[in-house]
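Open the model in your viewer and keep the selection panel at hand. We will go stop by stop.

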There are 2 protein chains.
Amino acid sequence: MRCQDVAVSVEPGLRARKKQERRRTIEAAALDLVEEHGFDGTTVDQIAAAADIAPRTFFYYFPTKEDVVLADYSDRLDRILAELGDRPETEAPWEALEASFVVVAADYEAARDDLVRRFAIINANATVYARSLQLQSGWEDSLADVLGRRGDVGDEDLQPRLLASSALACMRSSIRHWVLTEYTTPLPTLVRRCFGRLAQGLGPAGPT
Amino acid sequence: MRCQDVAVSVEPGLRARKKQERRRTIEAAALDLVEEHGFDGTTVDQIAAAADIAPRTFFYYFPTKEDVVLADYSDRLDRILAELGDRPETEAPWEALEASFVVVAADYEAARDDLVRRFAIINANATVYARSLQLQSGWEDSLADVLGRRGDVGDEDLQPRLLASSALACMRSSIRHWVLTEYTTPLPTLVRRCFGRLAQGLGPAGPT
DNA sequence: GGTAAAATCGCAGTCGCTGCAACTTTGCAC
DNA sequence: GTGCAAAGTTGCAGCGACTGCGATTTTACC
């Protein structure tokens, strides 16, 4: 009878759900405020007030003010890693990376409005931008780690690192272009194009 | 008779030289303190005291505490851009990038001790690391800009961006490997290797 | 119903950083 | 050398992010 009483306290537990919920409340409140008054023009106290929590509690949920507008980043990393984990071991590493990132790019395309909103905030403030780069650097670590575990490593560390770093370079360049050109070309297409160029080689034979 | 009186107040002017000097004093003091007590364990007041200036004056020289340990970054960017500017226009962009970065890598190799010292500080503190990534992102902007001005652009922005981003990925991966392997392989060699791999292509034919 | 853990919160304090305004030094023209 | 404007130096007062601590409340589970 346990799994039926309220059909609520099952999977993640009521406690965890409440926490998740509050986290989202804080995030939403922060996003709204920052969008209106800018990142520097918004204080943690204001966010806390808008989210109906004590200022002190904010830091129980987010380590820094920057992190509240980058709350989606950890989910994104999970997504990438999951996708990469699903690729067959036999596949060449760069193929696997491309396939994974193309799928993720489709996600991005689907969540466009939300993303654009966040990009605007990130690009408008230097410290937020810096923090986002730091988080992406963590992605690179994770990617390099996964790639290193596969059979196809070259030098103990150089190759996976280079692959991971290049893949993220593709993703970043694509996203930037995507935003700059007002989404005329679908993001997955751009990602495929970038990965293709690096697959072909950037040597003299390459550029267009 | 002007250019001879003291042979000092000529090129950059006495004023500018004094400023440069003091800047270096502050930097040196900061580096020592941070090395001993850690970045978080060192306050701006302490740095100011060690450099014999008022705390307020510190912020006349450096916008943030992070920047004092990253003071060498702007010189490095200048170096890269100068090197890239010296490459012939006829050269393929990736070739030009490789040649430039190999030269810069030689600089790095020569200044190894100082660099390693800074790397240790940067890697030991999250916010310093974040700031360093942000500065490198500025390098990418500059590089992409220079590449975009050359004749060999593909898409209005995508291609130069991808090239710049990839070049920096090579540099970063090389440096990391260089440090991790205790400098057994010369940095220029590693850089050449990374650039070569991207030139050849990361496709299935590629990886070692 | 009791208990341990998790979550909320207030308080006091540190530190990075800023705007402002005063004061000193320097470079340069006359 | 005198004078003047610009550049550099400093103190002060204040804001806001963030932390450690400890108290209090809420939740999960037996």
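This is a predicted model: local features need pLDDT of at least 70, side-chain atom pairs count only at pLDDT 80 or more; totals for chains, interfaces and linings use all residues.

Leave aside its neighbours within four places in sequence, and Thr42(A) is in contact with Leu33(A), Val34(A), His37(A) and Ile47(A). Show those side by side. Thr42(A) sits in a loop of chain A, between helix H1 (14-37) and helix H2 (44-50).

Is Thr42(A) buried or exposed? Count the other C-beta atoms within 10 Å: there are 21. The cut-off for buried is 20 or more, so Thr42(A) is buried.

Leu163(A) and Thr42(A) are 121 residues apart in sequence. In space, their C-alpha atoms are 39 Å apart.

Next, show both chains. Rotate chain B by 180 degrees, with 0.0 Å of shift along the axis, and chain B superposes on chain A with an RMSD of 0.0 Å. The two copies are thus related as by a two-fold rotation axis. To find that axis from chain B, select Gly201(B): its C-alpha is the nearest in chain B, 1.7 Å from the axis.

Last stop: the interface. Here 39 residues of chain B are in contact with 39 residues of chain A. Colour four helices of chain B: H6 (93-110), H8 (126-149), H9 (158-180) and H10 (187-200). Each supplies at least two residues of the side that touches chain A. Which helix gives the largest share? H9(B) does, with 14 residues. Colour this side of chain B by class and you get 19 nonpolar, twelve polar and eight charged residues.

Finally, compare the two sides. Of the interface residues of chain B, 100% are also interface residues in chain A, so the copies meet through the same surface.

Methods:
Residues are numbered from 1 along each chain as its sequence is written. Chains are lettered from A and ligands numbered from 1 in the order in which they are written. Copies are superposed by least squares on the C-alpha atoms of residues with pLDDT of at least 70 in both. Two residues are in contact if their C-beta atoms, placed from the backbone, lie within 7 Å. Ala, Val, Leu, Ile, Met, Phe, Trp, Tyr, Cys and Pro count as nonpolar, Asp, Glu, Lys and Arg as charged, and the others, Gly among them, as polar. A residue is buried if 20 or more other C-beta atoms lie within 10 Å of its own, exposed if 12 or fewer, and partly exposed in between; C-beta atoms are placed from the backbone.
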